[in-house]
Amino acid sequence: MRALYDSKSKTIDDRGIKELLSPEAKYKTWLKFEAALAEAQAEAGFIPQEAAAGIKEGAKIENIDFAEMDRIYRKIGHGFVPFLKVLVKACPGDSGKYVHYGITTQNIQQSSQLYMVKTVHEKYMQLLGEILSNLSKLAEENKNAVMPGRTHGRHAIPITYGYKVAVWISDFIACSERMREVEKRVFQVMMGGAVGTFSSMPEVGVQVQKRVAELVGMYPMEVPSRNISTHKVEYMMNLALMANVCHKIAEEVYSTTLEEIAEVSEGFSKGTVGSSTMPHKINPKLAKGIIANSQKLYSLPGVGMYSAVRPYEGDSSSYMLFDGILEEALELTTEILLRCEELTRTLVPHRERMLHNAMRNKGLDNSEYVMMKLSEKLGKDQAHGLMYEIAMKTAAEGEDFYTNLIANDVIAREFSEEEVRAMIDPRNYTGLSVQLAEKEAARAKETAAKIAAQYSAS
């Protein structure tokens with residue numbers, strides 16, 4: 001795995017994702033595509049039916065002589081031909097003559113890589129559904145938990161924690177939509193031959209490619225050029241956008257677990273060690289792993305863009321690079337999503353501390369509320385000027401906001417002391433925080449159910 005050291009989980013269940021990216025999985029996928037190609041060509045009358053049956057029989061991982069494949073590789077230095085040679089030997093009778101018929105190495109390798117991405121993608125969608133379920137519960141349970149809203153790192157006006165989670169939900173639902181929508185462009189099969197023109201089977205090439213795609217549950221590439229890579233870049237960009245939402249959550253958790261703020265904490269397992277020298281340390285391990293791996297992931301789509309522009313009809317420098325960065329993007333995303341699922345499931349909000357922090361400025365955060373009430377009597381401009389004067393006096397001189405309000409002749413004339421106290425209570429000025437939290441919690445639950453129905457059976 002290329003995930004960053006100390007941010008690669010050694011304790012979280014990887015849901016079988018790492019096995020889907022193993023060398024054995026790669027070879028099995030190559031075999032799957034060679035068998036599917038033979039079946040499609042036989043159906044089109046391009047090779048004999050008995051040859052396709054033989055290739056299907058031989059194309060099993062247990063039939064492949066990997067020692068012989070390695071010996072051939074050391075002799076000829078080609079990354080795929082040794083595999084073909086041992087597959088030919090594994091096929092009964094003369095069927096091996098029709099292995100890899102009319103296509104080129106990259107047709108199998110690129111199609112296979114995207115098939116492997118597809119198998120991992122289905123796991124990612126399941127994890128997205130689980131994250132949305134976690135966030136739905138978190139938003140609903142904390143819809144009334146009043147806390148400071150913050151802009152530019154300082155107190156703005158009050159919100160609820162449920163509203164904050166609603167923002168994450170909205171972002172993740174958009175991610176899930178992008179991930180579903182991109183499938184038809186990314187998970188494509190190319191069987192166009194050396195330069196993508198179906199020159200070796202012009203009469204049946206389009207039909208064969210379409211059938212191969214059907215057999216493996218993918219889409220046919222409209223122009224099967226080996227030099228099209230934008231779909232791979234697009235998928236990595238989607239992974240980066242999804243990681244960015246996880247990263248945003250992790251950054252907030254990382255900062256709000258600070259003792260000085262202490263509004264949330266990560267779930268903690270007894271016996272976990274935070275430092276080799278400081279016994280008291282309990283670090284935000286899930287959050288820091290998300291942050292580190294996300295930062296590395298962001299660079300990969302840019303690297304892909306530089307390589308996607310290589311000229312002419314094919315260039316192995318581009319293939320080799322995409323083989324590496326696409327796999328690395330999956331490895332990093334796996335770490336990010338696994339950690340985000342656990343983080344959103346085990347996160348502990350501290351509601352009393354949130355309210356304590358919202359009260360720290362003794363009502364000053366509600367200056368907008370007082371201004372809006374005053375605007376009904378004086379007009380917005382005059383009300384803003386008056387409230388600005390009182391707010392700045394409070395902030396600059398460290399005086400009590402309530403005291404400064406009731407000491408003002410205009411405020412004292414227009415409002416009772418009880419009304420002033422109510423206006424500066426942060427619990428009375430959270431807008432539609434509760435309603436938005438409820439709405440997004442419901443949307444998250446609904447979206448998670450749809451994802452589970454579509455992908456759990458995959």
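**Aromatic contacts and buried cores**

Tyr 27 is buried, though with a relative accessible area of 19% it gets there under a cut-off of 20%. The structure in question is a predicted model. Phe 83, at a relative accessible area of 1%, is buried too.

Counting ring pairs across the model turns up 12 aromatic pairs. One of them brings together Tyr 27 and Phe 83, whose rings are stacked, with 6.5 Å from centre to centre and 15° between the planes. Tyr 27 sits in helix H2 (residues 23–43) and Phe 83 in helix H5 (residues 81–90), so this pair ties together parts of the chain that are 56 residues apart in sequence.

Leaving out residues up to four places away in sequence, Gln 109 touches Trp 30 and Phe 80. Gln 109 belongs to helix H6, and its relative accessibility of 19% is under the 20% cut-off, so Gln 109 counts as buried.

Helix H3 (residues 49–58) is worth a look from both sides. Its buried residues are Ala 51, Ala 52, Gly 54, Ile 55 and Gly 58. These span an arc of only 160° around the axis, which means they fall on the same side of H3. That buried set packs against H2 and H5, the helices that carry Tyr 27 and Phe 83. Over on the other side of H3, Glu 50 and Lys 56 are exposed.

In soluble globular proteins, nonpolar side chains tend to be buried together. The largest nonpolar core here has 104 residues, and Tyr 161, Phe 172 and Tyr 235 are the ones touching the most other members. Helix H6 (residues 105–141) supplies the largest share of this core, with 14 residues. As for Tyr 161, setting aside neighbours within four places in sequence, its contacts are Leu 138, Asn 142, Ala 145, Met 147, Trp 168, Val 264, Leu 347, Pro 349 and Met 354. Another core, of 19 residues, lies apart from the largest one; among its members are Tyr 369, Leu 374, Phe 415 and Met 423.

Key: Residues numbered from 1 in each chain as written. Predicted model: local features only at pLDDT ≥ 70, side-chain atom pairs only at ≥ 80, totals over all residues. Heavy atoms only, no water. Phe/Tyr/Trp six-rings, centres within 6.5 Å; stacked < 30°, edge-to-face > 60°. Helix = DSSP H or I, 4+ residues; strand = E, 2+ residues; numbered from the N terminus. Buried < 20%, exposed > 50% of the residue type's maximum accessible area, 1.4 Å probe, protein only. Arc of directions from axis to C-beta. Contact = heavy atoms within 4.5 Å. Core = buried A, V, L, I, M, F, W, Y, C linked by side-chain atoms within 4.5 Å.
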